[in-house]
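These are my notes from going through one model. I kept them in the order in which I looked things up.

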Amino acid sequence: MNPVVVTVEVTRSGERTTTLHVRAIAKEGLIKQRAGQKTAESIAALLNGAGLNP
């Protein structure tokens with residue numbers, strides 16, 4: 001398991017429009033596991049509501 005650093009930038013433009021930029025970086029070894037990409041996609045899905053059960 002690789003440690004991953006995640007940053008989320010929130011920009012509000014207008015009364016009802018908010019933009020989120022999710023960035024995740026992991027130090028990869030010889031075998032690319034794409035830990036940063038997978039983590040960013042998981043966090044984006046959670047923030048978008050796809051990962052929540054109503």
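Before checking the helix I wrote down the rule: the expected span of a helix is 1.5 Å times one less than its number of residues. I take helices (H or I, at least four residues) and strands (E, at least two) as DSSP runs, numbered from the N terminus.

Conventions. The model is predicted, so to speak of local features I need pLDDT of at least 70, and side-chain atom pairs count only at pLDDT 80 or more, while totals for chains, interfaces and linings use all residues. Residues are numbered from 1 along each chain as its sequence is written, and side-chain values use heavy atoms, with hydrogens and water left out.

I looked up helix α1, residues 35–48, which has 14 residues. At 1.5 Å a residue it should span 20 Å, and I find its end C-alpha atoms 20 Å apart, which agrees.

Entry 2, the whole chain. I count one helix and two strands in the protein chain. From the N terminus on, the order is β-β-α. The C-alpha atoms fill a box of roughly 45 × 25 × 15 Å along the principal axes. Of the 54 residues, 9% count as buried. For contacts I require heavy atoms within 4.5 Å. Among contacts between residues at least 6 apart in sequence, 25% join residues at least 24 apart.

Two strands pair if DSSP finds at least two bridges between them. I find nine bridges joining β1 to β2, and the two run antiparallel. Val 4 stands opposite Ala 26 in β2, and Val 10 stands opposite Leu 20 in β2. The hairpin of β1 and β2 has five residues between the strands, and in it Gly 14 takes a positive phi near 100°.

I place Arg 12 in strand β1, residues 4–12. Arg 12 counts as exposed because its relative accessibility is 61%. Its side chain reaches the backbone oxygen of Glu 15 at 2.8 Å. I call this a polar contact, that is, a pair of N or O atoms within 3.5 Å; within protein, one must be able to donate a hydrogen and the other to accept it, and residues adjacent in sequence count only if both atoms are side-chain atoms. Leaving aside neighbours within four places in sequence, Arg 12 is in contact with Thr 17 and Thr 18.

Which residues of α1 are buried? I list Ala 35, Gly 36 and Ala 40. Seen down the axis of α1, the buried residues fall within an arc of 125°, so they line one face of the helix. The arc is that of the directions from the helix axis to the C-beta atoms. I see these buried residues pack against β1 and β2 (18–26). On the other side of α1, Lys 38 and Asn 48 are exposed.

Not counting residues up to four places away in sequence, Gly 36 touches Val 4, Ala 24, Ile 25, Ala 26 and Glu 28. I also took Gly 36 and Val 8, which are 28 residues apart in sequence and 13 Å apart in space, C-alpha to C-alpha.

Glu 41 is in helix α1, and at 49% relative accessibility I count Glu 41 as partly exposed.

Arg 34 is found in the loop between β2 and α1. Arg 34 has a positive phi of about 55° although it is not a glycine. At 49% relative accessibility, Arg 34 counts as partly exposed. Just after α1, I find Gly 49 with a positive phi of about 95°.

Definitions and conventions: Buried means under 20% relative accessible area, exposed over 50%, partly exposed in between (1.4 Å probe, protein chains only).
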